[in-house]
Amino acid sequence: MASIARRPDGTYRPRFRDAAGKEHARHFKRKVDAQRWLDEMTAAMVTGQYVDPAAGRVTFREYAERWRATQVHRPTTAAHVETMLRRHVYPKLGDKRLGSVLPSDIQSLVKHLSLDLAPATVGVVHRILAGIFKAAVRDRRIVASPCEGTKLPKVHRQRIEPMTLEAVETLTDAIPDRYRALVTLAAGTGLRQGEALGLTVDRVDFLRRQLTVDRQLVTMPDRAPYLAPPKTQASIRMVPLPQVVIDALAVHLATWPAAEFVFTTELGDPIRRTAFSAAVWRPAVRRAGLSGVTMHSLRHFYASLLIRHGESVKTVQARLGHASAAETLDTYSHLWPDSDDRTRAAVDSVLGRVADSLRTDAVR
C-alpha cells in the first residue's frame with residue numbers, strides 16, 4: 001500500500017507499508033521528489049532489497065557480539081576474533097550505529113591501525129569487519145557493506161631463511177635436557193608446535209618408524225589444556241620417523257616415562273605455550289646466541305632438508321600437512337634448486353654432439 005498526500009503546509013507526504021505492516025513516510029517540498037522516493041522504496045520492496053532504516057540503529061558493538069556468538073569458530077579462532085574486535089575495532093566503531101558506518105570510517109580505521117600493526121594483522125582485522133558487515137547486509141540491517149573498496153596496506157611476504165644445521169645443534173645443546181628431544185622431533189618431522197606438544201605415546205609407532213598426527217594441544221587462558229583436531233583436514237597425516245628422532249624419543253621416554261603426553265612439565269602437566277616460551281624457549285635461544293628463532297623455525301628447517309634432498313612439492317606438502325601445493329610453493333619456492341643449469345645440461349647433452357660434429361668437419 002502506497003500513497004502521496006498533500007499536507008496543509010504545501011508539502012507532500014508519501015507513505016507505504018513494508019512486509020511487516022509497518023508504515024513508513026517522509027515529507028518533500030516537491031511532488032516529483034516524493035514520487036521518486038516512493039518509487040525507489042516500492043522497487044526495493046518488490047526486488048527484496050528493502051532495508052528498514054531503523055534496522056541499522058543498533059550499535060556496531062551490539063551487532064558484532066551477536067554475530068560472534070553465532071559463528072562456528074574453533075575456540076582459538078573465537079578467542080582471536082574477540083581480541084581483535086576488543087583491541088582494535090570497538091574503541092573506534094563500537095558505539096557507532098551500524099547503519100551510520102561509512103566506507104570512509106573503515107578506511108580511517110585501517111589507516112590508524114597501519115601506524116602500529118603489521119600489514120598482515122591489519123588485513124586480519126579488515127576481514128573480520130567485512131564478515132560482520134556482510135552478515136548485516138544478509139540480515140537486511142544495512143543496504144551495502146562499507147568495507148567494499150577499502151585500500152589495505154600491501155603485505156610483503158618475507159622469504160624464509162631456514163636455520164642452519166649448526167644453529168639447530170647449538171639450540172639443542174642450549175635447551176634443558178627435558179626438552180632436548182622436542183627440538184629434535186620438530187626439526188626431524190616438521191610438526192607444528194601444538195602438534196608436537198600434543199603428541200601422545202600411543203601416536204608414536206617405533207616398530208613402523210612413523211607417527212600419527214591427528215590432534216594438537218590447545219591452551220587457552222581460561223581453561224585447562226586439551227586435545228583438539230589439527231589446523232585443517234590436510235594436517236591429519238602420517239609422518240615417517242628418521243632414526244635420529246626415534247633414538248631421541250626413546251631416550252626421552254626412558255628418562256621421563258609418560259602415560260599420555262610425550263612432553264610434559266616437571267610437574268607432569270601438559271605444556272602451555274606461553275609458559276614454555278617464556279621460561280624455556282626464549283632463554284635457550286639467547287644462550288645459543290640466536291635471534292628471531294621460534295619453534296616454527298624448526299618446521300622451516302625440516303622443509304628445507306626435504307627440498308635440498310630432492311623431494312617433490314607434493315611430498316613436502318604431505319609431510320607438512322599443507323592444504324595445497326600452492327601453499328607450499330608460496331612459502332618455499334625459492335628453496336628449490338634453480339633449473340637453469342639443468343636446462344643447459346639437457347640441451348648440451350643433445351645438441352652438443354651436433355656441435356662436435358660440425359667442429360670436426362670444419363677442421364677437416
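The lining of the second largest pocket is made up of six nonpolar, nine polar and four charged residues. Bear in mind as you look that this is a predicted model. The pocket in question has a volume of about 420 Å³, and among its 19 lining residues Gln158, Arg159, Ile160, Glu161 and His300 lie closest to the centre. Helix 11 and helix 13 each contribute at least two residues to this lining.

Now follow helix 11 (residues 295-308) to helix 12 (residues 313-320): their axes come within 10 Å and cross at roughly 150°. Since angles over 145 degrees count as roughly antiparallel, that is how helix 11 runs relative to helix 12. The crossing is right-handed. Arg299, Tyr302, Ala303, Leu306 and Ile307 of helix 11 meet Val316, Arg319 and Leu320 of helix 12, a contact with six nonpolar, no polar and two charged residues.

Helix 3 (residues 75-93) has a partner too: its axis and that of helix 2 (residues 60-70) come within 11 Å, crossing at roughly 170°. Helix 2 and helix 3 are therefore roughly antiparallel. Their contact includes Phe60 and Trp67 from helix 2 and Leu85 and Tyr90 from helix 3, and in total has nine nonpolar, no polar and four charged residues.

Definitions and conventions
Residues are numbered from 1 along each chain as its sequence is written. This is a predicted model: local features need pLDDT of at least 70, side-chain atom pairs count only at pLDDT 80 or more; totals for chains, interfaces and linings use all residues. Side-chain values use heavy atoms; hydrogens and water are left out. Axes are lines fitted to C-alpha atoms, for helices over the stretch in contact, and angles run from 0 to 180 degrees between N-to-C directions. Helices (H or I, at least four residues) and strands (E, at least two) are DSSP runs, numbered from the N terminus. Angles under 35 degrees count as roughly parallel, over 145 as roughly antiparallel, 65 to 115 as roughly perpendicular and the rest as oblique. Contact means heavy atoms within 4.5 Å. Ala, Val, Leu, Ile, Met, Phe, Trp, Tyr, Cys and Pro count as nonpolar, Asp, Glu, Lys and Arg as charged, and the others, Gly among them, as polar. A crossing is left-handed if the near helix is turned anticlockwise from the far one by less than a right angle, and right-handed if clockwise. On a 1 Å grid over the protein atoms alone, a cavity is a set of points where a 1.4 Å probe fits but cannot get out, and a pocket is an open set with protein on both sides within 12 Å along at least five of seven lines; lining residues have an atom within 4 Å of a point. Grid points are joined across faces, edges and corners, and a volume is the space filled by probe spheres set on the points.
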